[in-house]
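Trainee: I would like a close look at a single part of this model. Please take me through it in one go.

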Amino acid sequence: MDKPNYQYQLIYPGGNLTAIVTSVVPGEQYQVINDEILHKHPQCEQVGFIQEIKENRCRFSMAGGEFCGNACRCIAYLMHKQYKYKQSVIEINRIKLIGDANSKSSKIIIKYADLIKGIESIEYDTYLVRMAGICHVVILPTSIYYREKASKQYVRGLLRKFKINSPATGLIFVDSNRHIHPYVFVQKVNTLYYETACGSGTIAAGIILNKRTKIKQPSGDTFVVDATKETIELGGPVKDWTE
């Protein structure tokens, strides 16, 4: 295979530094490009690939095929910055959502039924939130599985124990101040990160904690999630990343 030719932008959506590949490249190159970018930028936690832009509509995919709330927020920001659309229609894994952005923040609005596929209790104060393209285990402070500082070895052990079949699985430890500690494993690209922010994990935690709440990320930034049985909104700061 020839060395891939591509362009990308680094965007910081309140943590969870994300590379968005703006060149349209074949899907079989995603893994190679993902690995190259993560190697070149050790602070980067994930890579998304634009597949098509048509007016205010953008279709894209993550390298591992998972759903990613922060990457969707990055796309909304990009559509505003480059194409001057305050609102855009974003499609990921055949899920359509609305992006709303300005120069400092972005939010996504998605139908609850399109994203949330089920919620169940694993054990006391430990909940599994199944989403289209990712699952999260929300672990509250009173859960037997809660750790203030979890090692990756401990996280991998819980992932094996829970045996969740999903493109990506997150363990979202939520402390008493609504500060999350998210660990996300993406199966296809075999990555496990303690993420500096997690959009979909924030949605999962917000649904379990409250219908509308502010949740602090490891980066120190705060996201707002507002979930009803009809729609889910997720918003927070966003900016270009310069090294």
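By class, how many nonpolar, polar and charged residues does the lining of the largest cavity have?

Mentor: Start with the ground rules. This is a predicted model, where local features need pLDDT of at least 70, side-chain atom pairs count only at pLDDT 80 or more, and totals for chains, interfaces and linings use all residues. Residues are numbered from 1 along each chain as its sequence is written, and side-chain values use heavy atoms, with hydrogens and water left out.

Now your count. The lining of the largest cavity has 14 nonpolar, nine polar and three charged residues. Here Ala, Val, Leu, Ile, Met, Phe, Trp, Tyr, Cys and Pro count as nonpolar, Asp, Glu, Lys and Arg as charged, and the others, Gly among them, as polar.

The structure holds one cavity of 30 Å³ or more. Its volume is about 180 Å³. A cavity is a set of points, on a 1 Å grid over the protein atoms alone, where a 1.4 Å probe fits but cannot get out; lining residues have an atom within 4 Å of a point. Points are joined across faces, edges and corners, and the volume is the space filled by probe spheres set on them.

Who lines the cavity? There are 26 lining residues, and Q46, E66, V184, V186 and E195 are the closest to the centre. The elements that give two or more residues are α1, β3 (46-54), α2 (69-83), β12 (180-186), β13 (191-194) and α5. Helices (H or I, at least four residues) and strands (E, at least two) are DSSP runs, numbered from the N terminus.

Take α5 from that list. This helix covers residues 199-209, and nine of its 11 residues are buried, so the rest of the structure largely encloses it. Buried means under 20% relative accessible area, exposed over 50%, and partly exposed in between (1.4 Å probe, protein chains only). The buried residues are G199, S200, G201, T202, I203, A204, A205, G206 and I207.

Next, α1. This helix spans residues 30-40 and includes N34. N34 is buried, at 2% relative accessible area. Beyond its neighbours within four places in sequence, N34 is in contact with V47, F49, A63 and V189. Contact means heavy atoms within 4.5 Å.

Then β3, which spans 46-54. Look at E52 and K54. They form a salt bridge, with the closest N and O atoms 3.7 Å apart. A salt bridge is a side-chain nitrogen of Lys or Arg within 4 Å of a carboxyl oxygen of Asp or Glu. E52 also meets R59 in a salt bridge, at 3.6 Å from N to O. K54 is exposed, at 54%.

By this rule the structure has eight salt bridges. Another of them joins R212 and D226, whose closest N and O atoms are 3.5 Å apart. R212 lies in strand β14 (residues 212-216) and D226 in strand β15 (residues 222-227), so the pair ties together parts 14 residues apart in sequence. R212 is exposed, at 53% relative accessibility, whereas D226 is partly exposed, at 23%.

Note on methods
1 Å grid on protein atoms, 1.4 Å probe; cavity = no way out; pocket = protein on both sides within 12 Å on 5 of 7 lines; lining within 4 Å.
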